[in-house]
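Please look through the sequence and the model, then read the notes by topic.

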Amino acid sequence: MVLCKRVESIMKVGDLVIKRSSRFRVSPRLLGIILEKTYYRNTPITYMQVCWGSYGTFWGPSADLEVISESR
């Protein structure tokens, strides 16, 4: 059995992101910019405030976001 370790990129303010969670009805073509980063109380969960353009600005867990890189 092969174990794969999931490595997430380090997200920072100003990064261009897309939503990768299927729980929300967000267009896969919708791009957002990270405005602020915070942690939820004393947990390791990181929340990002993302501006999705005319769609609005919302907070969400970083696990639901994917950074758009130059290699795409």
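A residue is called buried when its relative accessible area is under 20%, exposed when it is over 50%, and partly exposed in between (1.4 Å probe, protein chains only). By that rule Asp15 is buried, because its relative accessibility is 10%. This is a predicted model, in which local features need pLDDT of at least 70 and side-chain atom pairs count only at pLDDT 80 or more, while totals for chains, interfaces and linings use all residues. Residues are numbered from 1 along each chain as its sequence is written, and side-chain values use heavy atoms, with hydrogens and water left out.

**Overall make-up**

- The protein chain has zero helices and five strands, where helices (H or I, at least four residues) and strands (E, at least two) are DSSP runs numbered from the N terminus.
- Read from the N terminus, the order of elements is β-β-β-β-β.
- Of the 72 residues in the protein chain, 25% are buried.
- The accessible surface of the protein chain is about 5,900 Å², and 56% of this belongs to carbon and sulfur atoms; such areas come from the Shrake-Rupley method with a 1.4 Å probe, and for residues only the protein chains shown count as cover.
- A contact means heavy atoms within 4.5 Å. Among contacts in the protein chain with a separation of 6 or more, 35% join residues 24 or more positions apart.

**Strand pairing**

- Two strands pair if DSSP finds at least two bridges between them.
- E1 and E2 pair in the antiparallel sense over two bridges, and Val17 stands opposite Gly32 in E2.
- E2 and strand E3 (residues 46-51) also run antiparallel, joined by six bridges; here Thr38 stands opposite Tyr47 in E3.
- The hairpin of E2 and E3 has six residues between the strands, and in it Arg41 takes a positive phi near 50 degrees.

**Core and buried residues**

- A nonpolar core is a set of buried Ala, Val, Leu, Ile, Met, Phe, Trp, Tyr and Cys residues joined through side-chain atoms within 4.5 Å.
- The largest such core has eight residues: Met11, Val17, Leu30, Ile34, Met48, Val50, Trp52 and Leu65.
- Leaving out residues up to four places away in sequence, Leu30 touches Val17, Ile18, Trp52 and Tyr55.
- Ile18 lies in strand E1 (residues 16-19) and counts as buried because its relative accessibility is 13%.
- Ile18 and Arg29 are 11 residues apart along the chain, and their C-alpha atoms are separated by 7.6 Å.
- Asp64 lies in the loop between strand E4 (57-61) and strand E5 (65-67); at 8% relative accessibility, Asp64 is buried too.

**Salt bridge and surface**

- A salt bridge is a side-chain nitrogen of Lys or Arg within 4 Å of a carboxyl oxygen of Asp or Glu. The whole structure holds one.
- Asp15 forms a salt bridge with Lys12, and the closest N and O atoms are 3.1 Å apart.
- Lys12 counts as partly exposed, because its relative accessibility is 49%.
- Patches are made of residues with over 30% relative accessible area and no salt bridge, with like charges joined within 9 Å and nonpolar side chains (Val, Leu, Ile, Met, Phe, Trp, Tyr) within 5 Å.
- Leu16, Leu31, Ile33 and Leu35 make a nonpolar surface patch of about 320 Å².
- Leu35, found in strand E2 (residues 32-39), is partly exposed, with a relative accessible area of 41%.
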